[in-house]
Amino acid sequence: MAEKRKYSRKYCKYTEAKVEFIDYKDTALLKYALSERFKIMPRRLTGTSKKYQEMVEVAIKRARQVALIPYIVDRKNVVNNPFDGL
């Protein structure tokens, strides 16, 4: 049997920062919830609370609609930090 890994306790970055509302124009806040291919990361990986995860999802979808964040990324052109060019 494989050994059980010990992970550090996950916490909500938005609760700790006492954020009231997550704006779609603030890409610095949204980058914590996106993978390197700009997919929305689930709560179990980021540690975000349910309230803030719902706000993050709406903000990311609005930012995609306004073209602040791309919908998809080319598989061959994956970048380490997608927010370097912004």
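The model is predicted: local features need pLDDT of at least 70, side-chain atom pairs count only at pLDDT 80 or more, and totals for chains, interfaces and linings use all residues. Residues are numbered from 1 along each chain as its sequence is written, and side-chain values use heavy atoms, with hydrogens and water left out.

**Whole protein**

Begin with the entire protein in a cartoon view. Its secondary structure consists of four helices and zero strands, in the order α-α-α-α from the N terminus. Helices here are DSSP runs (H or I, at least four residues), and strands are runs of E of at least two. Next, display the surface: the accessible area is about 7,100 Å², with 50% belonging to carbon and sulfur atoms, as calculated by the Shrake-Rupley method with a 1.4 Å probe. Of the 86 residues, 29% count as buried; buried means under 20% relative accessible area, exposed over 50%, and partly exposed in between (1.4 Å probe, protein chains only).

**Helix α4**

Select residues 50–65, which form α4. Its 16 residues should span 22 Å at 1.5 Å a residue, and the end C-alpha atoms, 23 Å apart, agree with this. The expected span is 1.5 Å times one less than the number of residues.

Now colour the buried residues of α4: Y52, Q53, M55, V56, A59, I60, A63 and R64. They cover an arc of only 165 degrees around the axis, which puts them on the same side of α4; the arc is that of the directions from the helix axis to the C-beta atoms. These buried residues pack against α1 (13–16), α2 (27–30) and α3 (43–46). On the face turned away, select the exposed residues K50, K51, K61 and Q65. After α4, stop at A67, whose phi is positive, near 70 degrees.

**The core**

Select Y14, I22, L30 and Y52, which touch the most other members of the largest nonpolar core, a set of 16 residues. Such a core comprises buried Ala, Val, Leu, Ile, Met, Phe, Trp, Tyr and Cys residues joined through side-chain atoms within 4.5 Å. The largest share, six residues, comes from α4.

Centre on L30. Leaving aside residues up to four places away in sequence, L30 touches I22, D23, Y24, V56, A59, I60, A63 and I69, where contact means heavy atoms within 4.5 Å.

**T27**

Finally, select T27 in helix α2. T27 is buried, with a relative accessible area of 19%.
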